[in-house]
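The entries follow in the order I made them.

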Amino acid sequence: MESIYYVLTWLCHRKCPHCYEGRFHPYRGEELKRVLSDAVRNAPRVIANLPARLTYLDRSESDERGAYKEKTGRIILAGGEVLLKSVREQVLYPSLHQIADKYRAQGGVKVVIQTTGDQITPEVIDELLRRGVWMISVSGIDGYHRGLETESAREAVRAKLVPMFDRAGMKQFQEGRDSWSSDLETGPWYSFWGATPGSWIGRLWPRGRALANGLTLADMTDNFCKGWSGGIHFLDGKYNGSEVSIDPDGNVFPCCLKTKRPLGNLTETTLAGILESVRGNPVYEAISCGHPERMGMAYGWSEGKFLSMCTVQLPSGKSYQNLCFGCDRFHETLFF
């Protein structure tokens, strides 16, 4: 598999108005203890059930014999905020050690840390690199994050962090789907991105607070199944483009937006077993092909019926449409 997007924790120090998941926010008292203890308990079991070898065949590149090149897959560890001290020490660092041990003799793995960026210090960078991190991806560079409403404020963050990364011997990586396919076996790298106009996530997923606050600009022409972090190719297994998303409870989804029903749970069974159990199912084959409107055709849902289920009413009272809602209604209505 090319990529695994694993959200280690629901805990975040921010409650951004554009966030795709309402469970990402600060927790206090007993709730904080519960969220942390759940992550501490689940992470080792999730990692144990990931594929024994995490490489993929790149169909866009061939070797001198004409065979597809084998490349090293990646695990993106995200939150919430994985660099908060409690998460970093109790969940992230033990997970990095377990991942390194698991893949050391199996072709290796590229580990990406996704962070808002405001918990980064030279000491944290050093601790991450010593634990084998391949990239630090700063994802909070946009006007939705408090304190970063202006370009000058965002530039100040970059100006603060770049010298730290440079002193650590890191190289800057240009975010973009095509760049992930490049043969970048060496690192370490750092990158900056955010939900800015024109970016792949700029229109915002119709999920969580982005939807509740009416901030998403996505419409019926935005097919997130076909996009980066969407469900496309998730069943392609050993080839490039394959990715799944995992939440802190161990639930597996074909996309980061999440279907209403998970494919399975990694605290209970292996990722290979979960994917094999849905392979050939017309619902998930449609998602993997980037055609969500076809997911219900074997169950009496024509494309027309699917499209008729794509409208919701926002808290503001405004009607809103996107293909993701047809997927939601289908998963809520049918059991298969």
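This is a predicted model: local features need pLDDT of at least 70, side-chain atom pairs count only at pLDDT 80 or more; totals for chains, interfaces and linings use all residues.

I looked up G80, which sits in the loop between β4 and α2. The peptide bond from G79 to G80 is cis, and its omega is near 20°. I then looked up H233, in the loop between α6 and β9 (243–246). H233 is not a glycine, yet its phi is positive, at about 70°. I wrote both down because most residues other than glycine have a negative phi and most peptide bonds are trans.

**Entry: the sheet**

In what order do the strands of the open sheet run? I read the order as β7-β8-β6-β5-β4-β1-β9-β10-β11, nine strands with mixed pairing. At the edges stand β7 (171–172) and β11 (264–265); each has a single partner strand, so one side of each has no neighbour in the sheet.

I checked one pair inside this order. Strand β6 (residues 135–138) and strand β8 (residues 189–192) are parallel and share four bridges. M135 has W189 in β8 as its bridge partner.

**Entry: a hairpin**

I turned to strand β2 (residues 55–62) and strand β3 (residues 68–72), which pair in the antiparallel sense over five bridges. T55 is bridged to T72 in β3. Five residues lie between the strands of this hairpin, and G66 takes a positive phi near 90° there.

α2 lies across β4 and β5, and runs at about 170° to β4.

How do α1 and α2 lie relative to each other, parallel or perpendicular? The axes of helix α1 (residues 29–48) and helix α2 (residues 85–103) come within 10 Å and cross at roughly 5°. Angles under 35 degrees count as roughly parallel, so α1 and α2 are roughly parallel to each other. On the α1 side I listed L36, A39, V40, A43, P44, I47 and A48. These meet S86, V87, Q90, V91, S95, Q98, I99 and K102 in α2. By class, the contact of α1 with α2 has 10 nonpolar residues, four polar and one charged.

Next came helix α3 (residues 122–130), which packs with α2 at an angle of about 30°, the axes being 10 Å apart. From α2 the contact takes R88, L92, Y93 and L96, and from α3 it takes V124, E127 and L128. I found five nonpolar and two charged residues in the contact of α2 with α3, and no polar ones.

**Entry: cavities**

How many cavities of 30 Å³ or more does the structure hold? I noted two.

The largest cavity has about 660 Å³ of space. It is lined by 35 residues, and Y5, Y20, Q114, S139 and W193 are the closest to its centre. β4 (74–78) and β5 (110–115) each supply at least two lining residues, with β5 giving the most, three. The lining of the largest cavity divides into 18 nonpolar, 12 polar and five charged residues.

The second largest cavity has about 140 Å³ of space. Of its 19 lining residues, C225, C255, L257, C324 and C327 are the closest to its centre. α10 supplies the largest share of this lining, four residues. The classes in the lining of the second largest cavity are 10 nonpolar, five polar and four charged.

**Entry: the largest pocket**

I ended with the largest pocket, which has about 300 Å³ of space. It is lined by 18 residues, and E21, R207, L257, K258 and K260 lie nearest its centre. The elements that give two or more residues to this lining are α6 (208–212), β10 (251–253) and α10 (323–333).

Which element gives the most to the lining of the largest pocket? I noted α10, with three residues. The lining of the largest pocket has nine charged, six nonpolar and three polar residues.

Notes:
Residues are numbered from 1 along each chain as its sequence is written. Side-chain values use heavy atoms; hydrogens and water are left out. On a 1 Å grid over the protein atoms alone, a cavity is a set of points where a 1.4 Å probe fits but cannot get out, and a pocket is an open set with protein on both sides within 12 Å along at least five of seven lines; lining residues have an atom within 4 Å of a point. Grid points are joined across faces, edges and corners, and a volume is the space filled by probe spheres set on the points. Ala, Val, Leu, Ile, Met, Phe, Trp, Tyr, Cys and Pro count as nonpolar, Asp, Glu, Lys and Arg as charged, and the others, Gly among them, as polar. Axes are lines fitted to C-alpha atoms, for helices over the stretch in contact, and angles run from 0 to 180 degrees between N-to-C directions. Angles under 35 degrees count as roughly parallel, over 145 as roughly antiparallel, 65 to 115 as roughly perpendicular and the rest as oblique. Contact means heavy atoms within 4.5 Å. Two strands pair if DSSP finds at least two bridges between them.
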